[in-house]
Amino acid sequence: MRKQILFWVSLFATISMAGSAWAADRGRDGELKLLYWQAPSTMMPYLSGGTKELEASSIVIEPLARYDNDGKMWPWLAEEIPTVENGGVSNDFTSITWKIKKNIKWSDGSDLTSEDVVFTYEYCTHPDTGCTQSNYYNDIVSVEALDSHTIRINFTVAKPFPYSAFVGYNAPILQKAQFENCVGAKAQECTEENFHPIGTGPFKVVDFKPNDVVVLEANSNYREEGKPAFSGVLFKGGGDAASAARAVLETGEMHYAWNLQVEPEILNKMAEGDSKGTIIAGFGTAVERLMVNFTNPDAALGEDRAEYLGGNNNRNAHPFLSDYAVRRALSLAIDRQILVDAGYGFAGKISCNVLPAPAIYASTANDECKTQNVDEANRLLDEAGWARGSDGVREKDGVRISILYQTSTNSVRQGTQAFIKEMWKAIGVETELRNIDASVFFGGDIGSPDTYQKFYADIEMYTNTFSGTDPEAYMNSWTCKEVARRSNNWGGNNMPRYCNPDYDALATQMSKTANLDERIRLAKSMNDMLMQDYAMIPLIHRGGVSAYSNDLMGPVGNEWDSELWNIADWHIHK
Amino acid sequence: MVQYIIRRLLSAIPTLLIISFVIFAILDLAPGDPTGNLPMTVPPEVREKIRLSLGLGEPMHIRYYKWLVQFFVNEPLNIIEHSFGIVIGDGENRTRILSWATRSPVIDLIVERTPQTLWVVGLSYLFGILMAIPIGIIQAYRQYSLFDQIGTFVAMIGFSVPTFFTGVVAIIIFSVQLKWFPMIYDTTLEVNSWNNFVLQVKQMIMPVTVLAFYQASQLSRFMRASILDNLNLDYVRTARAKGRKENAVLMIHVLRNSLIPVVTLIALGIPSIFGGAIITEQIFRVNGLGQLLIIAIQGADIPTVQTLTFLFAVLIVIFNLIADVLYGMLDPRIRYD
């Protein structure tokens, strides 16, 4: 049956090849079948923070600018990226002016104007909308339409990196005519609009079944001739990651499957031999890392447990992790490649930086960590006076290097913990492992002693990342004022309680610098300072893994924006 | 009989009210935050605003009262308006139970998902019954025969091997190796032509078989035990002594009496069809009511969980009543008047 269809399709294709305009026809490749095992629950990204909803809506509604798979920004609905050089960004960084392309039509045939952009800002910043992406519209005084195709955003503060509003799949443009009556509390009740947003993208929604399937068809008003190549999209959801991989790689029922968090040995097996598909991995900024506690988490300290007290040389310093030699030895003792192979496979690579991407920010100064060096680690510890006791555990002045190492409950993380415990044993370090349910560990409950913010342990492990491509806010996380402590209800981002005036000085300088090369230099040196001080021990650069069928051309993955960002260019290989 | 039914229905009202309150209280007390699944990059102030927009700012008793009004007044009125095309009162501003994850009315979600659940889970239940009854009869009548031994063995496998195992095995054999059936259930398929009908049958075969096998394994054991109980009774000997044919003895006298407990079991099992077969639905991506419930639980979508579990409670109460009534009809010894 399938073969027959294939025969007729190819016959039809050969005949139509004779016609010259054929290759450029919109919708020539039939239906594109995407499989997202986590199904989208709505098509309105502003009412949902989930990646699955952002991905689904990204093929319908679009932002002014988008990131490609290298984290580079491209104008999308805008004519160009505004900069200080082209006059788009004011010299004092307090405003940015976007020009939108002329003649862009919504899928209902009406024109995209600056009114729509202004409306989108008003929609998301209305206090009763409950907009999940409102942090993309922070620090804005006003968004004004200068003419029908020009918008100016005025900021409350100087923004050296002014690209967050209307950029990326988190902040796309809505059609004013459709959502006019859906602002504020009404946003919740606009089911019809939220499920069928009108967009400027290559496809438009025909049928939306929440948490199940989205049926889309090519947008006949799309701005580029002959695109998209597919006449429609079937966006199916549900099931689990392993069977999603199977549907692309083994049965070939689907063209594309997203976010394949599958055990490496299972995925490798599916991908080898006469597999029907290919695996791609996109890498963003996510790094699985060990946080080193610079304060003493001893329960006997009561209220001052793991509390940064400051003072000369940190009055509450950790008994052994405050020793540079110990921190460095812990990092040297780890064979990161084993961790990647056992737990991550396609979805991971070794990282020696906490800021591994975008590529322009990635430092090469810390590559020492790429190779395990147990001898050097042992030598460091011997030299620092940590001698092995009768049980093989190193100690000095009655302090044993005995580490409590915590993380969230997750089979890959527990595997990593077990490997690291063994590796540390080789340098005379004793490790006690602990895992805490993710909802508690990341839950942020002030009353709970088990959160990653309270950090009542010596070492903790998790992944963190940042949205967008500008690392300034992320790198600010390790300044002194961000230290998680009692006075800020453990709300700071600085979990290691690392406090270094030199680092703070770099952070201050960065907030005043707009020149990209200078910002890159600053970000790199901040990263290097953290790495060479071993405030954190990076382990694995984590990526998103997807699979696409062998006949599909176009997918490149993307961790900065939607993986479907270039879906208009996807087509079937003939 | 009518009086009995009315009495039972009236007594169900306080029971259901208590159930609804207990469900609401449990869900409210359980940890779980609708903003818990948002990425770490969403700041706490934004989370708080989202919670307020979902109505979480109000105290529990007010939220419970609102849910009661929405469920017992607004939603039925809405159904009446839709089915008769009339407008009762202020239909525009009547609030409905909204799911927190999809921001759409929960009842619409349920209505949208009921067909695929009924098709897949309902059909498998039906096939399960159709297989189990004859198998159980033959097994009991020819106790310890080869057929009985094999039947017992297969039934043991059937209900000791979980459906998430048989389902995956079926996929690997029939989808990956043999390529007979699709492994992904297409809920957008409309049966409007012969070709589509064939496709629909093809995509239903695996989930229905896996579930029917499981159901039949259980029911055939009950059927077999029930027939065995009856075969040794005096009335069977009397019937045989009267000279009735063996066939009539088994199919008329024994079967009718043996079916009484089995029919009750079947009736009591019907609400579980609506509960969907959570795991089987996940494996084959049928995305019916079971998958709706599990996703709502994972996402702390409390209105959806509350409404679905309460509807299941209503179904269980109703089918308990139906089972009791059927009992009276099948067994003349039981009278409710």
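Once neighbours within four places in sequence are set aside, B:Phe147 is in contact with B:Ile135, B:Ile138 and B:Gln139. This is a predicted model, and in it B:Phe147 belongs to helix H5 of chain B, which covers residues 146-160. With a relative accessibility of 40%, B:Phe147 counts as partly exposed, and the C-alpha atoms of B:Phe147 and B:Leu255, which are 108 residues apart along the chain, are separated by 19 Å.

Helix H3 of chain A runs over residues 114-125, and its twelve residues reach 17 Å from the first C-alpha to the last, close to the 16 Å expected at 1.5 Å a residue. H3(A) is mostly covered, since nine of its twelve residues are buried; among them are A:Val117, A:Val118, A:Phe119, A:Tyr121 and A:Tyr123, and the buried set also includes A:Asp116 and A:Cys124. As for what these buried residues pack against, the partners in chain A are strand S5 (140-147), strand S6 (150-155), helix H4 (176-179) and H5.

Helix H8 of chain A, residues 324-332, is likewise mostly covered, with eight of its nine residues buried. The buried residues include A:Ala325, A:Val326, A:Ala329 and A:Leu330, and also A:Arg327 and A:Arg328. The N-terminal end of H8(A) is capped by A:Asp323, a side-chain oxygen of which lies 2.9 Å from the backbone nitrogen of A:Ala325.

The charged pairs come next. Side chains of opposite charge can pair when their charged atoms come close. Over all chains the structure holds 39 salt bridges. In one of these, the side chains of A:Glu250 and A:Arg246 meet at 3.2 Å, N to O; A:Glu250 is partly exposed at a relative accessible area of 24%, whereas A:Arg246, at 15%, is buried. A further salt bridge joins the side chains of A:Asp391 and A:Arg400 at 2.7 Å, N to O, and here A:Asp391 is partly exposed with a relative accessible area of 47%, while A:Arg400 is partly exposed with 29%.

In chain B, B:Arg96 forms a salt bridge with B:Glu75, and the closest N and O atoms of the pair are 3.1 Å apart. Because B:Arg96 lies in the loop between helix H3 (60-84) and helix H4 (106-141) of chain B, and B:Glu75 in helix H3 of chain B, the pair ties together parts that are 21 residues apart in sequence. Both B:Arg96 and B:Glu75 are buried. Salt bridges that share partners also join A:Glu224, A:Lys227 and A:Asp569 into one network.

How many salt bridges are there between chain A and chain B? The count between these two chains is zero, although 18 residue pairs across the interface are found in polar contact, with both residues at pLDDT 80 or more. On the side of chain A that touches chain B, the elements that give two or more residues are helix H5 (191-195), strand S7 (203-209), strand S8 (213-218), strand S9 (232-237) and helix H6 (241-249) of chain A. The largest share, four residues, comes from H6(A), and by class this side of chain A has 17 nonpolar, 21 polar and ten charged residues.

The size of an interface is often given as the accessible area lost when the parts come together. For chain A and chain B the buried area is about 3,400 Å², and carbon and sulfur atoms give 55% of that. In chain A, the residues that lose the most area to chain B are A:Gln188, A:Asn211 and A:Glu253, which together account for 16% of what that side buries. The contact takes 48 residues from chain A and 39 residues from chain B.

One residue of chain B shows the meeting of the chains at close range. B:Thr187 is found in the loop between helix H6 (163-177) and helix H7 (194-231) of chain B, and its relative accessibility of 9% means that B:Thr187 counts as buried. The side chain of B:Thr187 makes a polar contact with the side chain of A:Asp212 at 2.7 Å. Leaving aside neighbours within four places in sequence, B:Thr187 is in contact with A:Lys209, A:Asp212, A:Val213 and A:Lys236, as well as with B:Gln116 and B:Val286.

Conventions. Residues are numbered from 1 along each chain as its sequence is written. Chains are lettered from A and ligands numbered from 1 in the order in which they are written. This is a predicted model: local features need pLDDT of at least 70, side-chain atom pairs count only at pLDDT 80 or more; totals for chains, interfaces and linings use all residues. Side-chain values use heavy atoms; hydrogens and water are left out. Contact means heavy atoms within 4.5 Å. Buried area is the accessible area (1.4 Å probe) that two parts lose on being put together, summed over both. A salt bridge is a side-chain nitrogen of Lys or Arg within 4 Å of a carboxyl oxygen of Asp or Glu. A polar contact is a pair of N or O atoms within 3.5 Å; within protein, one must be able to donate a hydrogen and the other to accept it, and residues adjacent in sequence count only if both atoms are side-chain atoms. Ala, Val, Leu, Ile, Met, Phe, Trp, Tyr, Cys and Pro count as nonpolar, Asp, Glu, Lys and Arg as charged, and the others, Gly among them, as polar. The expected span of a helix is 1.5 Å times one less than its number of residues. Buried means under 20% relative accessible area, exposed over 50%, partly exposed in between (1.4 Å probe, protein chains only).
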